Amino acid sequence: MSTQKLFYSHTSSDSDKPLNPFGFKNRKGFLLNAKSSLSNAAFDICVIGGGITGAAIARDAATRGLSVLLLEKNDFAWGTSSRSSKLVHGGVRYLENFEFKLVFESTKERGLLWKNAPDLCKPIPFLFPAYKTSRLSLNTLSLGLWLYDTLSMFKSPSLHKRISKALCKKIEPALSQQELCGAIKYWDGATDDSLITLANIIDAHNQGATCLSYAKVESIDWAQCDQNQNGLDAHTIHFKDELTGDLHKARARCVVGAVGPWTDYLHQTLNLFNQEKRMAPTRGSHIVVKKDKLPVNNAIVMTHPKDGRVLFAIPWGKHTVIGTTDIFDKSSPDNVQMTTTECEYLIDSCAHFFKEYPLKSTDVISTWTGLRPLLAPSKNASASEVSREHELKWDDRGYLYITGGKLTTHREMAKEAVDQVLQKSLQWNKPLKELVVKCQTANRPFPKLVQIKHAEHHEFPEQQLSPNDLEIIMHMMRSEMILSLEDFFVRRTEIFYKHESNGLKMLSEIKDLFCSELEWTSSDWDKQVERYKSYVHKNVDLPLNRMTKSDPV
Ligand code: FAD
């Protein structure tokens, strides 16, 4: 799993474009851009949702020459796209559900991400141990991994290997040896989900897209697309600036909903598809512990002793991540909440596989939980059996939604959505097709990243930041659209997850910088601190049944 946090500079292919830093100080200008579509030409596409799907659509469309507005109601990647298992993978476990097409497509996309975003997506080794009592024997695993290697066109860094019990002991000494038959070693990918989303957004921005976070779509006045004259008859999108409470309008000829688990909620708000329910989200949670509490060198594939579900213990720099659960959840995606039972479930799995490293809930530094945007299954499937395929559907007024899928397949999903928009627009008086070239993203490197943090070289200390640390933070604020403490601690850095104080000890040292960069008054700062403490309370204290962690420091 990547442990880097980076900031962006332009690639040589972008160097001819004027640099328009993607930071708070330019946000007013981006709002003006959006509003100017009322009097000037409408945007070709308005994308709702700044998770990986929306971000990738904005990038794909902008690189094909379309004018794009993207509106995200929270921070970019605030939804599911910052709460995944952070793997770019084919998904070995989908083989059990015979989802061969999904595995084939995902491993193809995994290869493209390794090529186009090498700073953010890296191969990592996985170890799938087999015990005498395991649901899956070593022979079955070996057969499955042959199929996996074949579906990935043998493009992993190396083919899977059978590992003897003796070698397992050497490479994974923490793994319980009793009744161990051996293991299969294979390769998959790890990423930073928030940052790959942000890299899509920044590339879209570099190509001229207007991307706004904290901009919530509240309603749309629909125009008739087929009567479109010179682009003047476009839909009017009403959105709220969540930072100021101001209401704004913008116009676009086509609207694409990419709101993942919010799909049914958005359609209810916009009165689309007779408010038919399409989603059956499942909740997935992770816990983070220090590496010495659970030392793993490979990502260990565990089958849970209670229900046989596959879950992982993944090395994450000086930490280990354990996840995930998979539970149908009908609650609002705005308030998804991990339970203490889930934490116990994850700890139980580790207790079974790492007998000499019994974890306690007090060892857990942080947690995260998200909703998988899964499509409602037609039969009575269990949460793990529900397909991870995606769906696209049109409303005749010029609205397309895309939902489902995986972080790994975001580029292919975006291509399909933009292809469909262009195809559909042929029915309009002034099709978008005349502007357009083919999808550009398969061979397009992500914006070149300037490394500012690497677990092995540089980590922000819990306290006593150096002038260099503060300068790095300032660069991130100016180029990565950090608009709140939560944006910084949770999605631009891994401080919330990895610091024992979840960043709370750092607050006083970054106060001046944040207030000056974001034009916060002292009372704005106090509100931000309170909000961040509630975040820590909700994601650490409550699921771990603790009362102390987010107390004032
Ligand atoms: P989201 O990321 O949820 O984005 C939707 C966005 O829409 C949100 O940010 C929301 O704020 C915004 N929005 C909603 N309403 C509005 C509105 N009215 N106006 C403006 N914005 C709005 N996939 C993998 O490939 N690898 C993995 O390892 C993996 N692990 C996973 C583990 C878990 C626990 C979960 C839950 C998922 C995992 N996935 C994984 C799946 C993957 O994370 C998701 O498929 C993907 O992130 C969905 O992205 P999205 O953009 O469609 O949705």
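Angles under 35 degrees count as roughly parallel, over 145 as roughly antiparallel, 65 to 115 as roughly perpendicular, and the rest as oblique. This is a predicted model, where local features need pLDDT of at least 70, side-chain atom pairs count only at pLDDT 80 or more, and totals for chains, interfaces and linings use all residues. Residues are numbered from 1 along each chain as its sequence is written, and side-chain values use heavy atoms, with hydrogens and water left out.

**View 1. Helix H3 packs against helix H9.** The pair, residues 100-116 and 410-425, cross at about 105° with axes 8 Å apart (axes are lines fitted to C-alpha atoms over the stretch in contact; angles run from 0 to 180 degrees between N-to-C directions). H3 and H9 are therefore roughly perpendicular. Helices here are DSSP runs (H or I, at least four residues), and strands are E runs of at least two, numbered from the N terminus.

**View 2. Side by side at the H3 and H9 contact.** Lys108, Glu109, Leu112 and Leu113 of H3 meet His410, Arg411 and Glu412 of H9 (contact: heavy atoms within 4.5 Å). That makes two nonpolar, one polar and four charged residues.

View 3. Leu407 brings a backbone N or O atom to 3.1 Å from a ligand oxygen.

Conventions. Ala, Val, Leu, Ile, Met, Phe, Trp, Tyr, Cys and Pro count as nonpolar, Asp, Glu, Lys and Arg as charged, and the others, Gly among them, as polar. A polar contact is a pair of N or O atoms within 3.5 Å; within protein, one must be able to donate a hydrogen and the other to accept it, and residues adjacent in sequence count only if both atoms are side-chain atoms.
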